[in-house]
Amino acid sequence: MKPYSLDLRQKIVDAYDRGGISQRQLASQFHVATSFIQKLLKQRRESGSIAPKVRTEQTPPKLNAHHQALLLELLEEQNDATLMELRDQLHARTEVYVSVSTIHNTLKRMAITVKKNALPRRESQPASAMGTSRILAQGALSSGQRLDLHR
């Protein structure tokens with residue numbers, strides 16, 4: 001999410017400085033959260049600036065390049081593994097435990113995408129019953145190999 005503009009921040013601070021209005025009323029008037037008003041005023045008190053803070057350090061990913069290479073290796077060994085199975089196999093080999101969503105996001109960054117409804121639908125089953133998801137590796141695996149995500 002983008003930070004609020006400097007112009008909006010200045011309008012909020014000016015309205016607060018004129019007085020006669022509470023932080024809650026300011027938040028309502030400018031359609032922002034009360035906590036934003038509180039943080040903005042605290043930032044001005046402590047640093048004298050109302051500019052958005054610049055993030056200096058990015059949180060490093062839990063799965064580095066080595067883990068990603070190992071994940072690709074696991075996919076080549078068992079191309080129908082679910083995300084949970086991949087997570088458990090990665091944990092067994094590296095002692096790194098991550099969530100299923102971390103595995104999913106890592107595969108997404110590696111351009112291994114989810115292929116939905118890869119199986120042909122049978123006439124006797126409704127579409128909702130056939131909502132299986134599969135992964136189709138782009139570049140990492142041969143184009144014909146698919147990976148089951150859910151069973």
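Visitor: Which residues does Gln-43 touch, not counting residues up to four places away in sequence?
Guide: In this predicted model, Gln-43 has its place in helix 3, which spans residues 34-47. Gln-43 is buried, because its relative accessible area of 14% lies under the 20% cut-off. Not counting residues up to four places away in sequence, the residues that Gln-43 touches are Arg-9, Gly-48, Ser-49, Ile-50, Ala-51 and Lys-53.

Visitor: Is Ala-51 buried, partly exposed or exposed?
Guide: Ala-51 is found in the loop between helix 3 and helix 4, and it touches Leu-6, Arg-9 and Gln-43, again leaving aside residues up to four places away in sequence. A residue counts as buried under 20% relative accessible area and as exposed over 50%. The relative accessible area of Ala-51 is 28%, and therefore Ala-51 is partly exposed.

Visitor: How many Å apart in space are Ala-51 and Asp-7, C-alpha to C-alpha?
Guide: Along the sequence, Ala-51 and Asp-7 are 44 residues apart. In space, going from C-alpha to C-alpha, the distance between Ala-51 and Asp-7 is 9.6 Å.

Visitor: Where do the buried residues of helix 2 lie around the axis, on the same side or on opposite sides?
Guide: Helix 2 covers residues 23-30, and its buried residues are Leu-26, Ala-27 and Phe-30. An α-helix has 3.6 residues a turn, so residues three or four places apart point the same way.

Visitor: Which helices do the buried residues of helix 2 pack against?
Guide: The face of helix 2 turned away from its buried side carries the exposed residues Arg-24 and Ser-28. Just after helix 2 comes His-31, which takes a positive phi of about 60 degrees. As for the buried residues of helix 2, they pack against helix 1 (6-18) and helix 3.

Visitor: How is helix 4 oriented to helix 6, roughly parallel or roughly perpendicular?
Guide: The axes of helix 4 (residues 65-77) and helix 6 (residues 100-109) come within 11 Å and cross at roughly 90 degrees. Angles of 65 to 115 degrees count as roughly perpendicular, and so the orientation of helix 4 to helix 6 is roughly perpendicular.

Visitor: How many charged residues are in the contact of helix 4 with helix 6?
Guide: From helix 4, Gln-68, Leu-71 and Leu-75 meet Ile-103, Thr-106 and Leu-107 of helix 6. The residues of this contact divide into 4 nonpolar and 2 polar, while the number of charged residues is given as no charged.

Definitions and conventions. Residues are numbered from 1 along each chain as its sequence is written. This is a predicted model: local features need pLDDT of at least 70, side-chain atom pairs count only at pLDDT 80 or more; totals for chains, interfaces and linings use all residues. Side-chain values use heavy atoms; hydrogens and water are left out. Helices (H or I, at least four residues) and strands (E, at least two) are DSSP runs, numbered from the N terminus. Buried means under 20% relative accessible area, exposed over 50%, partly exposed in between (1.4 Å probe, protein chains only). Contact means heavy atoms within 4.5 Å. Axes are lines fitted to C-alpha atoms, for helices over the stretch in contact, and angles run from 0 to 180 degrees between N-to-C directions. Angles under 35 degrees count as roughly parallel, over 145 as roughly antiparallel, 65 to 115 as roughly perpendicular and the rest as oblique. Ala, Val, Leu, Ile, Met, Phe, Trp, Tyr, Cys and Pro count as nonpolar, Asp, Glu, Lys and Arg as charged, and the others, Gly among them, as polar.
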